Amino acid sequence: MTEHQLREQECQIARYRRLEREVTDPLAACLLHGIVEDLEAELRKERPEWHGPRD
């Protein structure tokens, strides 16, 4: 992945995290959480030092 693609992926993770916090349907929240986990795992393969946002 290029540096630009990695930054885009980080932005995408942030958007899905925000949606996960805002959604009221438990199933939707669960699905969004799974998406976030998959995207973070993919990003960690490319950037092992990345640990995600500090909430």
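Let me begin with a term: helices here are DSSP runs of H or I of at least four residues, strands are runs of E of at least two, and both are numbered from the N terminus.

Hello everyone, and a word on what we are looking at. This is a predicted model, in which local features need pLDDT of at least 70 and side-chain atom pairs count only at pLDDT 80 or more, while totals for chains, interfaces and linings use all residues. Residues are numbered from 1 along each chain as its sequence is written, and side-chain values use heavy atoms, with hydrogens and water left out.

Now the overall picture. The protein has 2 helices and 0 strands. Of its 55 residues, 20% are buried; buried means under 20% relative accessible area, exposed means over 50%, and partly exposed is in between, with a 1.4 Å probe and protein chains only. Take the contacts between residues at least 6 apart in sequence: 51% of them join residues at least 24 apart, where contact means heavy atoms within 4.5 Å.

On to the helix pair. Two packed helices are described by the angle between their axes and the distance between the axes. Helix α1 covers residues 3–22 and helix α2 covers residues 26–46; their axes come within 9 Å and cross at roughly 160°. Those axes are lines fitted to C-alpha atoms over the stretch in contact, and the angles run from 0 to 180 degrees between N-to-C directions. So α1 and α2 are roughly antiparallel to each other, the word for angles over 145 degrees, with under 35 counting as roughly parallel, 65 to 115 as roughly perpendicular and the rest as oblique. The crossing of α1 past α2 is left-handed, which is the term when the near helix is turned anticlockwise from the far one by less than a right angle.

Who meets whom? On the α1 side the residues include Leu6, Gln9, Ile13 and Tyr16, and on the α2 side they include Leu32, Val36, Leu39 and Leu43. The residues of this contact divide into 10 nonpolar, 3 polar and 6 charged. Here Ala, Val, Leu, Ile, Met, Phe, Trp, Tyr, Cys and Pro count as nonpolar, Asp, Glu, Lys and Arg as charged, and the others, Gly among them, as polar.

Let's zoom in on Gln9, in helix α1. Is Gln9 buried or exposed? At 7% relative accessibility, Gln9 is buried. Not counting residues up to four places away in sequence, Gln9 touches Met1, Leu39, Glu42 and Leu43.

Next is Arg47, which sits in the segment after α2. Arg47 is buried too, at 13% relative accessible area. Leaving aside neighbours within four places in sequence, Arg47 contacts Glu3, Leu6 and Glu10. With Glu10, the side chain of Arg47 makes a polar contact of 2.7 Å. A polar contact is a pair of N or O atoms within 3.5 Å; within protein, one must be able to donate a hydrogen and the other to accept it, and residues adjacent in sequence count only if both atoms are side-chain atoms.

And back to Glu37, as promised. Glu37 is partly exposed, with a relative accessible area of 43%. From Glu37 to Arg17 is 20 residues in sequence and 9.9 Å from C-alpha to C-alpha.
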